[in-house]
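These are my notebook entries on one chain, written while I went through its model. I kept to what I could look up there, and I note each cut-off where I use it.

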Amino acid sequence: TCAEHDLENYSMYCVSCRSPVCYQCLEEGKHGKHDVKALGAMWKQHKAQLSQALNGVSDKAKEAKEFLVQLKNLLQQIQENGLDYEACLVAQCDALVDALTRQKAKLLTKVTKEREHKLKVVWDQINHCTLKLRQSTGLMEYCLEVIKENDPSGFLQISDALIKRVQVSQEQWVKGALEPKVSAEFDLTLDSEPLLQSIHQLDFIQMKCRVPVTVPPVPLLQLEKCCTRNNSVTLAWRMPPLTHNPVEGYILELDDGDGGQFREVYVGKETLCTIDGLHFNSTYNARVKAFNSSGVGPYSKTVILQTSDVAWFTFDPSSAHRDIVLSNDNQTATCNSYDDRVVLGTAAFSKGVHYWELHVDRYDNHPDPAFGIARINVVKDMMLGKDDKAWAMYVDNNRSWFMHCNSHTNRTEGGVSKGATVGVLLDLNKHNLTFYINGQQQGPPAFENIDGVFMPALSLNRNVQVGL
């Protein structure tokens, strides 16, 4: 209702006064000469204007949020670049210190040689002078004894010879013979002032324009850190010193071990990578390249790595369930739980023929240990073979069964007891798996069409101990 006329509703809008009015306000003449429009039309018009203004504010708010994200990213980049430049500065200063240290060693060597030369000259003079002094002293003592001779004829018989010897002895002490051949001072003066001035003038070169980012340079493979273990290879690399172009990550490529094409095996920011599950007795070629926002840099030199001729492994504590207890250099396994728990071997097989044996060191006729192979992501808290990641033979004191995906097949007579030996034959050339107990094959090959990467596996519960 109208503020001035309680019985009237607002029906018009006075554009001049910028307020709604009623018919009575118009009739009384207060707004008679003003520009008046319909209330509904002005309501829609102002609503549209407000919506349009809000859209503008909304766009600015969105830009502000994006700008805040940009600023936060800038904070992180400044932090990372600061650390990079600190590391670069430390490396450059360390290089200067190393160069100065090497030069100091060279200068010290020169001082040492000069000192040894002076000492040798002085010692030679000491020895020479001592010898002459000893000869002169002996001659003097002999001449003094001859002068005491009272027999003129006896004295005159040797006096001429003695006079000549004394004269010769005196002539040996020529001018300069009793002067040092070297001085105690060292004729070496180190001019360090230019270097000190250069150190005091050492500063950053302020660039007036930002250097455009280009692709990273060639990474350097650290051969001393590249190695093989069994059928795993570890590669390490680094960027060249004083590299200014940013690096966002690396791409590591490996061939197939048989001279085939390269394939990507790692993409990320780390500079150390281990690849497991390769072929045994194979030669692999590896290379790495870096990339950033400008593109991908050139490849490094190729490093050649040879995997082991023969596989060997132990039980892997890092892959074992926490209830598994390993001993004897990780070659013996027991379990603290009455439930089945899984442990894997440290090697992964993808090619070739592999055979290993496990010795039952302790068995009380109740547990059902399971022997076989598994993927790396096998379930660790139930019997081997109950999921689709493992292929196993589980056995009691009378019989054995093959199991995969919780499906039991090929029940065979012949169990295990204390002292029994269980053999596992994984033939990846024929893609099958065969089990043996005390040298006797347990039925036909347990599983066919096996292909992929497998690790030796074992599941145990309490009251059984197995040695590899």
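I looked up Lys60 and found a relative accessibility of 56%, so Lys60 counts as exposed, given that buried means under 20% relative accessible area, exposed over 50% and partly exposed in between, with a 1.4 Å probe and protein chains only. Lys60 forms a salt bridge with Glu63, and the closest N and O atoms are 3.9 Å apart; for this term I take a side-chain nitrogen of Lys or Arg within 4 Å of a carboxyl oxygen of Asp or Glu. Glu63 has a relative accessible area of 47% and is therefore partly exposed. Both Lys60 and Glu63 lie in helix 2, three residues apart, which is about one turn of the helix.

Before going on I noted that this is a predicted model, in which local features need pLDDT of at least 70 and side-chain atom pairs count only at pLDDT 80 or more, while totals for chains, interfaces and linings use all residues. Residues are numbered from 1 along each chain as its sequence is written, and side-chain values use heavy atoms, with hydrogens and water left out.

I stayed with helix 2, which covers residues 39-147 and holds Leu71; helices (H or I, at least four residues) and strands (E, at least two) are DSSP runs, numbered from the N terminus. Leu71 is partly exposed, because its relative accessibility is 33%. Together with Phe67, Leu68, Leu74 and Ile78, Leu71 forms a nonpolar patch on the surface, with about 460 Å² of accessible area. Patch members have over 30% relative accessible area and no salt bridge, like charges being joined within 9 Å and nonpolar side chains (Val, Leu, Ile, Met, Phe, Trp, Tyr) within 5 Å.

I then went through other salt bridges, of which the structure holds nine. Lys148 pairs with Glu145, the closest N and O atoms being 3.6 Å apart, and Lys148 is exposed because its relative accessible area is 57%. Asp396 and Arg399 meet through their side chains at 3.9 Å, N to O. Asp396 is buried because its relative accessibility is 12%, whereas Arg399, with a relative accessible area of 23%, is therefore partly exposed. I also found Asp323, Asp339 and Arg341 linked in a network of salt bridges.

Next I checked Ser232, which lies in strand 6 (residues 232-238) and counts as buried because its relative accessibility is 12%. Beyond its neighbours within four places in sequence, Ser232 is in contact (heavy atoms within 4.5 Å) with Cys227, Thr274, Ile275, Asp276 and Gly277.

The C-alpha trace spans about 175 × 105 × 45 Å along its principal axes, and 32% of the 468 residues count as buried.

Lastly I consulted the UniProt record, an unreviewed entry, which places "domain: B30.2/SPRY" at residues 292-468; such annotations may be inferred rather than shown by experiment. Over residues 292-468 I found 0% helix and 45% strand, with the end C-alpha atoms 48 Å apart.

Terms used: Accessible areas come from the Shrake-Rupley method with a 1.4 Å probe; for residues, only the protein chains shown count as cover.
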